[in-house]
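I opened the notebook with the coordinates on screen and kept a record of each item as I looked it up. The entries below follow the order in which I went through them.

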Amino acid sequence: IGGFILISDNKAVLGGQDGEAYNSTSTRAMGTPATREFRQVKTFAGEVGSVTVASSTAVYLTLWNATSTTDTGSSTIAVIATSTTGSLIFESAFGRGLIVERPAGFVGDYVITWR
């Protein structure tokens, strides 16, 4: 009687390999914010996966490839009309960091995924 045991380290991961899963953050604006707000979502390089917006206000949410709000080498990844409610798939790389600019007057929610 013979036999053997096969041991494997391979794992099934939905959406990619280990370490490639998306992270997410969400923000809910309460009332009507009087000023715009910047939020640093990720430092260093990464990839924007998607942005989901639920808002009735006609303003623009901006994603920046930047290390801070005063980063002189920053560039815009996307400008999203928040009155267009729904999910947008990006899969766009950024090399400096990810900052979200929520404009004055934004009332609603947004969810951003990145890795």
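**Entry 1: Glu-101**

I began with a side-chain pair: Glu-101 and Arg-36 make a polar contact through their side chains at 3.0 Å, where a polar contact is a pair of N or O atoms within 3.5 Å, and within protein one atom must be able to donate a hydrogen and the other to accept it, with residues adjacent in sequence counting only if both atoms are side-chain atoms. Before going further I noted that this is a predicted model, in which local features need pLDDT of at least 70 and side-chain atom pairs count only at pLDDT 80 or more, while totals for chains, interfaces and linings use all residues. I also noted that residues are numbered from 1 along each chain as its sequence is written, and that side-chain values use heavy atoms, with hydrogens and water left out.

Glu-101 lies in strand 7; helices (H or I, at least four residues) and strands (E, at least two) are DSSP runs, numbered from the N terminus. Is Glu-101 buried or exposed? Glu-101 counts as buried, because its relative accessibility is 11%, and the cut-offs are under 20% relative accessible area for buried, over 50% for exposed and partly exposed in between (1.4 Å probe, protein chains only). Setting aside neighbours within four places in sequence, I listed the contacts of Glu-101 (heavy atoms within 4.5 Å) as Arg-36, Glu-37, Phe-38, Tyr-60, Leu-61, Thr-62 and Trp-64.

**Entry 2: the strands**

I then looked at the whole protein, which has zero helices and eight strands, and in which buried residues make up 33% of the 115 residues. Among contacts between residues at least 6 apart in sequence, 79% join residues at least 24 apart.

Which strands form the open sheet, and in what order? Four strands form it in the order 2-7-4-5, with antiparallel pairing; two strands pair if DSSP finds at least two bridges between them. Strand 2 (37-43) and strand 5 stand at the edges with a single partner strand each, so one side of each is left without a neighbour in the sheet. The twist averages 20° from one strand to the next, with axes taken as lines fitted to C-alpha atoms (for helices over the stretch in contact) and angles running from 0 to 180 degrees between N-to-C directions. Strands 2 and 7 run antiparallel and are joined by six bridges, and I found Ile-99 of strand 7 as the bridge partner of Gln-40.

**Entry 3: strand 8 and Trp-114**

Strand 3 and strand 8 also run antiparallel, with seven bridges joining them, and Val-48 has Trp-114 in strand 8 as its bridge partner. Strand 8 is largely enclosed by the rest of the structure, because five of its seven residues are buried.

Trp-114 itself counts as buried, because its relative accessibility is 11%. Leaving out residues up to four places away in sequence, Trp-114 touches a set of residues including Ala-21, Tyr-22, Val-41, Val-48 and Leu-98. I also checked Trp-114 against Thr-25, and their C-alpha atoms are separated by 8.8 Å although the two are 89 residues apart along the chain.

**Entry 4: the nonpolar core**

Which residues touch the most other members of the largest nonpolar core? They are Val-51, Leu-63 and Leu-98, out of 16 residues, a nonpolar core being a set of buried Ala, Val, Leu, Ile, Met, Phe, Trp, Tyr and Cys residues joined through side-chain atoms within 4.5 Å. Two or more residues of this core come from each of strand 3 (46-55), strand 4 (60-65), strand 5 (75-81), strand 7 (97-102) and strand 8 (108-114). Beyond its neighbours within four places in sequence, Leu-63 is in contact with residues that include Val-48, Val-51, Ile-77, Leu-98 and Ile-112.

**Entry 5: exposed positions and positive phi**

I placed Ile-89 in strand 6 (residues 86-94), where Ile-89 is exposed because its relative accessible area is 65%. Apart from neighbours within four places in sequence, Ile-89 is in contact with Gly-49 and Ser-50.

Phe-44, in the loop between strand 2 and strand 3, has a phi near 70°, a positive value in a residue other than glycine, and is exposed because its relative accessible area is 64%. Glu-91, found in strand 6, has a positive phi of about 50° although it is not a glycine.
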